[in-house]
Amino acid sequence: MRRLAYIAAALAWAAFTSAQATTPDWSALEEETMRHYQALLRFDTSDPPGKELPVADYLKQVFDKEGIPAQLFALEPNRPNVVARLKGNGRQRPLLIIGHSDVVNVDPAKWKFPPFSATRDGGWVYGRGTVDDKDNLTATLMVMLELKRLKVPLDRDVIFLSEAGEEGSTRVGIQFMVEQHYREIAAEYCYAEGGGVTRVGGRVKYAGIATLEKIPFAIELTAKGIAGHGSVPLRTNAIVHLSTAVGKVGAWKPDIRLNETTGTYFRRLAAISAPADAERYRNVLVPNSRTQADADEYFLDNEPAHASMLRTSISPNILTGGYRVNVIPSEAKATLDVRMLPDEDPAAFLETVRKVVNDASVDVHFAARDTRPRQPDARLDSEAFKVIEANVTKHYSAPTLPTMLTGATDMAYLRAKGMQCYGVGPAMDVEDGPKGFGAHSDQERLLESELFRFVRFHWDIVADLARAK
Ligand SMILES: [Zn+2]
């Protein structure tokens, strides 16, 4: 027994010291983390036009200095993507970690601090890209540097990708990489943007991890009638037919359909919500029930994002028709923003819209749109997701909610290739949104302490998944 106890103690000590040797000294790394974060924020990569080249050069220099092989891939010379790779022993397929280097445009007049100054003030860092997506770019960079410096043995390659063009010109970014250089980024799993930790009143409530997203489509309604003199109203008036059609589509509630992600999301959200909210989140899980319909009605009025998560959604967003007050136009057109559930059959859905419109003078058809490929859910029983859940508990003492994004991200291109992609992000105050801080808002900021916590979290999810076992 004594001998066994001795061996157990020795083994525990060995495990402890090896964990020590492969755990970064984070407090010593905060200065460096902040230096890279501010440097990345100070490049104006507003997209359009993007101009991600200086960011790519910066990253390449940092990787070169550390002896990490890195390469630029550019469809347009000014807009390169950067790939860096740390080799594993090949026992498992690679892990891809992503940040995008472009940002959305700014109106500098709306900013208290200049948008590309990366000003530190009162514990915050201010600047375009602080939460979209130079936070992920910084975290993934720091993870790469530390894996290399600590010579962490890996069971799988860890691939870093800095993407250009995420904000509306995926042609030069993810599409280019998937279509022309997929070999460089092919992986079993990926961690990218799209998730985040929600704080309410300064306390962490939950982590939302993006495991699925809806697919954007555009549907056009074109009404045709007979042109004529406005003094003689016609029953065939295209504007009348079109507006009736738009009214029908706007009032229509496509069927509710839950999937593994949204079902788990509402169940887990119920577990951490106040009783009245919790009841609604549970009710919505009961198919075709009166209580489900009531919960849906409540969401449509008060929590529209939840209503959109339940179904394929339609929002009529553009109307065109008519040009003079005294002329009955022969044509009028409406454009609908349609966000399909990932398992929706587009052709069948279009047919249903036709039935809802039910007017032979209104043509219902798909219009051109920068859409995304169909994709399955990232699995919730995968090692990558379990590692995320464990580390959300470890770093944030909070539950993990898998989420289906109503918007579209670059992960769709990778999921369509069979990669299991999970969207992660740092903690943000829910109160910051209405104040006008947040991704794509008039201003953007992140708490310094939450940047550092996110880097530690990101290290753990990568190390736990890739480290040699
Ligand atoms: Zn983004």
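Is H440 buried, exposed or partly exposed?

Tutor: The model is a predicted one. In it, H440 is partly exposed, with a relative accessible area of 46%. That value falls in between the two cut-offs, since buried means under 20% and exposed means over 50%. H440 is placed in the loop between β18 (427–429) and β19 (445–447). Its backbone deserves attention too: phi of H440 is near 65 degrees, a positive value in a residue other than glycine.

Another residue with a positive phi is K151, where the angle is near 50 degrees; K151 is not a glycine either. The loop between α4 and β6 (158–163) holds K151. With a relative accessibility of 70%, K151 counts as exposed, whereas H440 is partly exposed.

Loops also hold two cis peptide bonds. The bond from D47 to P48 is cis, with omega near 0 degrees, and the bond from P48 to P49 is cis as well, with omega near 5 degrees. P48 lies in the loop between α2 (26–41) and α3 (53–66), and P49 is found in the loop between α2 and α3 too.

The next topic is the zinc ion. Its protein donors are NE2 of H100, an OD atom of D132 and two entries for OE of E193, at 1.8 to 2.7 Å from the ion. The angles among the 4 donor atoms run from 52 to 149 degrees, and the site is irregular. In sequence, the spacing of the donor residues is H-x31-D-x60-E. H100 in strand β3 (residues 95–100) and D132 in the loop between β5 (124–126) and α4 (134–149) are 32 residues apart, and this pair links distant parts of the chain. H100 is buried, at a relative accessible area of 0%; D132 is buried also, at 8%.

A disulfide forms a further link. A search of the whole structure finds 1 disulfide, and it joins C190 to C421 with an S to S distance of 2.3 Å. Because C190 belongs to strand β7 (residues 189–192) and C421 to strand β17 (residues 420–423), the pair ties together parts that are 231 residues apart in sequence. The torsion about the S-S bond is about 125 degrees, so the disulfide is right-handed. C190 has a relative accessible area of 0% and is buried, and C421 counts as buried at 0% relative accessibility.

Terms used:
Residues numbered from 1 in each chain as written. Predicted model: local features only at pLDDT ≥ 70, side-chain atom pairs only at ≥ 80, totals over all residues. Heavy atoms only, no water. Disulfide = S-S within 2.5 Å. Helix = DSSP H or I, 4+ residues; strand = E, 2+ residues; numbered from the N terminus. Buried < 20%, exposed > 50% of the residue type's maximum accessible area, 1.4 Å probe, protein only. Donors = N, O, S within 2.8 Å, 3.2 Å for Na, K, Ca; no water. Tetrahedral: all angles 85-135°; square planar, octahedral: opposite > 155°, others 65-115°.
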